[in-house]
Amino acid sequence: MDFILTSLIFTPLLAALVILLLPVRLHKPIKAVTLLAALVQMGLAILLYFRFDGGAAANGQMGYQFVQKLNWIGFSLGNLGRFQIDYFVGVDGVSISLVLLTGLVGVIGVISSWNITKNVKGYFLLYLLLLTSVMGCFLALDFFLFYLFFEFMLLPMYFLIGIWGGPKREYAAIKFFIYTLVGSLFILIVMIGLYTSVIDPAATAVQMGLLERGQAASAEVLSQVQQMLQRNQISNYNLVHTFSIPAMMEPANFIPNSLLHVLSGSILWDLPLRFIAFLLLFAGFAIKVPSVPVHTWLPDAHVEAPTPISVLLAALLLKVGGYGLIRIVYPIFPDAGTYFSILVGGLGVLSIIYGAMNALAMKDLKKLIAYSSVSHMGFVLLGLATLTNEGVNGAIYMMFSHGIISAMLFLVVGVIYDRAHDRMIHNFRGLANAMPAYTAFVVVAFFASLGMPGFSGFISELLVLVGGFGAPEATGLLPRWLTVVAVFGLLLSAAYYLWALQRMFFGKFWIFPELRQNALITDLNTREYLMLVPLAVLALVFGIFPHLLLDKIGLTVNGYTEMVLLRGQEQLGLILSTLQK
Amino acid sequence: MNEQAVYLSDKLDAIIAGAGSLLPELVLAGFFLLLVTLDLFKAQRIKRLLPWLALTGLFWVLVLQVLGGYTSGDEPFLDLLLSDGMARFGGILFSAAGIFTVLMSLQHPRLEKLQEGRGEFYALILILVLGLNLMAKSVNLLMVFLAIELVSIASYILTLTFKQEKRAVEAGLKYVLYGTFSAGVMLYGMSFFYGLTGTLNYASEDFALGLLQADTLLVTVAAVLVLAGFFFKISAAPFHFWAPDVYQGAPMPVVALFSTGPKMAGILVILRFVNNFTDADAFADVQLLLGIAALVTLAIGNFTALWQRTPRRLLAYSSVSHAGFLLTALLAFGTGYTSSVLFYLTVLLFMNFGIFLLLQVAEEKYGVQTLEDFSGLGRLLPYFGVMSVLYLLSLTGLPPLAGFMGKLLIFSNVWEAYTSSGNPMLLVLLIIGILLTGVALFYYIKIPYYLFFKRNQSHENLVISPSDKLMLALFALPLLVFFFKPDLLLHWIEHLLAQTL
C-alpha cells in the first residue's frame, strides 16, 4: 500500500483545514501555508514522476502504478446485487504527465496570487480545494470518485471567478457553472447506466464464495466469473456492481441483458445505445475541453477571472476534459470511438481553425489567448481521434505543453494588466522599449505557443500532425485532408501572435493617453521572474528533450491505442451485426 | 343478540391484542390531551412548559420507534393499520420532523411572543405527527382518508397561526379550499374502488385481484381520482397551487414541517397504493398517467422556480420538484426502490429543515423578504453563507452532499427498471430528471449569488446566535455523513424493511 497518491490529493485539503482555523487577519501565514502545501504537492509530484516506471506499463491497459484501493461504500440492493464504490486511485502513463503539471502549476498559481488583498482567507481556501479536486480527477480510477472531484471543481471556481474577478464576473461565473454542470449531468446519465451494467469480477467472486475476502484474485478466477456472467449463470443476488473504470473497460464485465452490453441490440432514435452513451459522455467532456461549438463559456470565464485563476483554468481545468476523453470515453466505448472518430477529429480541427480565426480578430489580449487555448486544445481532440501512437502521444504531450505555455501566456497578460489596468492591444505600442525583459518573456511564450521548434509546443503539434497524416494507413479512421486543414491552423496561430507582437511591442513607445495617469510601466519584478523563468525553462526543456515525458507515457499509449483499436473494431462489428439481425 | 355480543367481544379482543402496535400513536394522543388541558391554565409558568412537554412526547415516540419491540407482529390492526418496517421508519422521520419543528419554533422570536394560541400551536404539531403516523400505517382506504383529513385540519390551523396577517389568512383560505376539493375527489375515487373490488383494504390480495378483473378504464379513472388527493398532500402537479401561498403565509417552522412531514407520509401512502399497479400490461394507462404527472411536476417545479422573487416561493417550487423526483422513483417497479425512497426522504428532512431554519434566521433577524435582500450577507456572516451554500447544493443534488446520493440511488433504480421493462417513459423521466438538475442549479444558485457576489452596506453588526449555529450544524452534518457513508443509513433501512417481509 503506497500512500503517495493519497498524499498528493489530500495535502491541499489538509492545508485548507489549517487555514480554516487561522484568524482572518493573518494574511502572511495563510499565504505561507498555501505555498507550503503547493510546494509539498509539487515535491510529491516530482518524486512520483521519477519513481514512475515507464517500462512497467508494457502489459497494456492494466499498467497502473502506486495503486491504492479501499472499500468506501457498499451495500446490498436485494435482488439487484450489491452496490460498490471504491476509493481507487492509481497512475499510468496518461495521468503521470498531468499530475506533474498540476504540481508545477499549483505552485506558480500561489506565487501569482501573492498580491491578492481582498478576502485572503476565502481565496486561498478555495484555491486549495481546487487543487485537491484537480489532482483527484487525474488520479481517480473509480468513476464515482472521478465524478466527485469533477463536480467539486466547479464550486471553488465559481466563487473564485465570481468574487475576485473582473467587472462582468457574475455573468461569467454563472455561465461557467451552468455550462460545465450541464456537461457533467450528461456524464452522470452515462455513469448511472454504466454502473448498473458492469460488475466487478473479483468482488463478485468473493460474493459467490469462489474467493476468500481479501484474497487476491487470480486471472483464472476472473475469467471464470466473466464466462459465467456471459452465460447468465450468476444469480442477480451475487452480482457486485462497480464504478471501477478498469472494470468498465472490459467488455466481459457487462451483464448480458444490460442495455450497454455490446450484444444487447438496444437502440434509441435509430442509434445503438452505446453510441448515444458515447455521445453524451463526449459532449460532457467536450464542454470542458472546450471544443467548438460549446466553447463560449471559456472566453468569458478567462477574461473575467483574476490572473492566477485564469492560469489554473487554462493549465489544469481544461486538461480534465481531454483527460476524461482519454481515460474514460475512448477505453469504455472503443466501438463508438472508432465509429465517431471523424466527428471527434472534425470538431478538433474546427476548434483549431475557428479558435485561431477568433484569436486573430480579438482586441483584448486576454481574449486572444483564451481563443488560442480553444485552438490548441483542438489538437488534443485531433490527436486522440487518430488513435495512432503518435497522435495519442501528441494529444497527451499537447495537454502538458499547453499547460505550461498557457500558464505563461496568462501570466504575461497579468503583468501588463497589473501595470496599466488595461489589456487592449490597440492601447499599447512599443512596449519593448519600456519593458525589455518582459518583452523577452512575451516573445518566448508566444513562440512556444505557436509551435516554434525547440519548445514543447512544437513537439506536441508535430506528433499530432504525424499521427494525423499516418492515420489513413495506420488506422483508417480519419481522412488526410482533415490534417491538412489543421496545418493551416498553425499558420493562423503564427499570424495572430506575430501581429499582436508587432502591434503591442514594436515601434515607438506609446500608451493610450487615458491610461497614462494610472499606469506605472516598470519592468518585471522578482516575483514575476520567479514565475516566468521556471515556465520558460520547462517549455524549453520539454521541447528539447521530449523523451523526458515520452519515455514515461510511450508504453502506456502503445497498449492503449492497440487495445482501443482492436476492441473498437471488434465490438463495432458485433454491434452492427446484432442490429442487422 | 348473542351473536352480536360474540362479535363485539371478538372485536374487543382484537383491539386489545393489536393496541400494542399503536403505542407511538397512543403516546402522541396522550401528550396532545395533556397539552390541551394544561393550556387551559393561565399561569405563565405552565405556558412556558408546553413546548418542552411537546418535545418530550415527540422524543419519547422517536426513541420508541427507533428501539422498536412494541409491536407483537405484522398482523394489521383491525385490517386498518399495519405497523411494518416502512411505517416504523416513516414514524421515526415524522417524530424527528416534529422535534425539529418545535426546536425551530423555540428559535422563532414572533412565535415565542405569541399571546394567543401558543399552547395550541404545539398541540397541533403533535396531532399532525399523529396523523402522519396513521397515514404511513394505513392499509385501508378509509383509514387513509381519515388520517389525511386529520393532518389537513391540523395544517389549516397551523397555517393561520398569525391570524392578524393578511397573507396568512389568504394562505389558510386557499389551503382549505384546495384541501376540501381534493379530499372530496379522493373520497369519490375510493368509492369506485370499493365498488370494483369489494374491499377497501388496498394492501390485500383481494384488492389487487379485483382490480385485474375490473374494467381498465374505470380503474384508471378511480386511480386518478384517488391520486389527486394524495398528490395534494405531496404538492405534486397539478395539485400544487396551494404550496407557494401557504409557504409564503405560514410561520417558517410550519413551512418546514409541511415541506417534509406530509410529503413523506404522502409518498409512503402512494408507495403502498401503486404497488397494486405494477402489472405493466393491465395498468399501462395508470403508469403512463403517473409518469406524466411526475414529468409535469418536475417541469413545473423547476421552471416556475426560475421566476420567483422571494425565497419562500422559490423553495415552494423546489419542494414541488422534489415531489416530482419522488414520484419518478415510485415508477421504477420491481427494483426495490423502497429503500432509495426512504433514503431520499431522510435526506429531504435534513435539507429542508436546514434551509428553512436559515430562512427563518434571515427573515426574523436580518429582515430578508426577497432574494435581493440576501445581498452581501454571506460576506458579513461567513458561517451563514457557507451553510446556505451547503444546503442549496444538497437540494440541487451536487456532490459531496447527500442530496446527490439520494438522486443517484433513485436514478439507478429508474435505469434498472428501464433495463428490465424497456418502457421508454422511464428513460425520458431519467434524462429529463437529470437535466433539470441544471435548471435547478440556476435558481438555487441565486441565493449564494446574492450572498457573496452582491454588496450591501446597510447591514451592520449582524450576529447569528449560538443555538441557531448549533442547529444549522446539526442539520448539515447528516448531509455530509450520508454522502460519504450512505451505507450506514441504507443498512438500517434494509434491516427495518426486512423485518416485516
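In this predicted model, helix H21 of chain A covers residues 480-505, a run of 26 residues. From its first C-alpha to its last, H21(A) reaches 38 Å, close to the 38 Å expected at 1.5 Å a residue. Several residues along H21(A) are buried, among them A:Leu482, A:Thr483, A:Ala486 and A:Gly489. Further along, the buried set also includes A:Tyr496, A:Tyr497, A:Met504 and A:Phe505. What do the buried residues of H21(A) pack against? Their partners in chain A are the helices H15 (341-361), H16 (365-386), H18 (431-434), H19 (436-449) and H20 (456-474), together with strand E6 (428-429). After the helix comes A:Gly507, whose phi is positive, near 90 degrees.

Chain A also contains paired strands. Strand E1 (residues 65-76) and strand E2 (residues 82-91) run antiparallel and are joined by nine bridges. One of the pairings links A:Gln65 with A:Val91 of E2(A). E2(A) also pairs with strand E3 (residues 240-242) of chain A, here in the parallel sense and over three bridges. In that pairing, A:Phe83 has A:His241 of E3(A) as its bridge partner. Is E2(A) largely enclosed by the rest of the structure, or largely open? Nine of its ten residues are buried, so E2(A) is largely enclosed. A residue counts as buried when 20 or more other C-beta atoms lie within 10 Å of its own.

A few spots in the backbone deserve a second look. Most residues other than glycine have a negative phi, and most peptide bonds are trans. A:Asn119 has a positive phi of about 45 degrees although it is not a glycine, and this residue sits in the loop between helix H3 (93-112) and helix H4 (120-139) of chain A. Because A:Asn119 has 17 C-beta neighbours inside 10 Å, it counts as partly exposed. A:His421, also not a glycine, has a positive phi of about 55 degrees. A:His421 belongs to the loop between helix H17 (389-420) and E6 of chain A. With 11 other C-beta atoms within 10 Å, A:His421 is exposed.

Another cis bond runs from B:Pro399 to B:Pro400, with omega near 5 degrees. B:Pro400 lies in the loop between helix H17 (382-396) and helix H18 (402-421) of chain B.

The contact takes 39 residues from domain 1 of chain B and 43 residues from domain 2 of chain B. On the domain 1 side, H4 (85-107), H5 (109-112), H10 (216-234), H11 (242-249) and H12 (252-274) of chain B each supply at least two residues. Which helix gives the largest share of that side? The answer is H4(B), with eleven residues. By class, the side of domain 1 that touches domain 2 of chain B has 24 nonpolar, ten polar and five charged residues.

The UniProt record, an unreviewed entry, places the feature "domain: NADH:quinone oxidoreductase/Mrp antiporter transmembrane" at residues 138-420 of chain B. In the model, this span is 77% helix and 0% strand, and its end C-alpha atoms lie 31 Å apart.

Note on methods
Residues numbered from 1 in each chain as written. Chains lettered and ligands numbered in written order. Predicted model: local features only at pLDDT ≥ 70, side-chain atom pairs only at ≥ 80, totals over all residues. UniProt positions renumbered as here; feature names shortened; annotations may be inferred. Helix = DSSP H or I, 4+ residues; strand = E, 2+ residues; numbered from the N terminus. Expected span 1.5 Å × (residues − 1). Buried ≥ 20, exposed ≤ 12 C-beta atoms within 10 Å, placed from the backbone. Contact = placed C-beta atoms within 7 Å. Nonpolar A, V, L, I, M, F, W, Y, C, P; charged D, E, K, R; others polar. Pairing = 2+ DSSP bridges.
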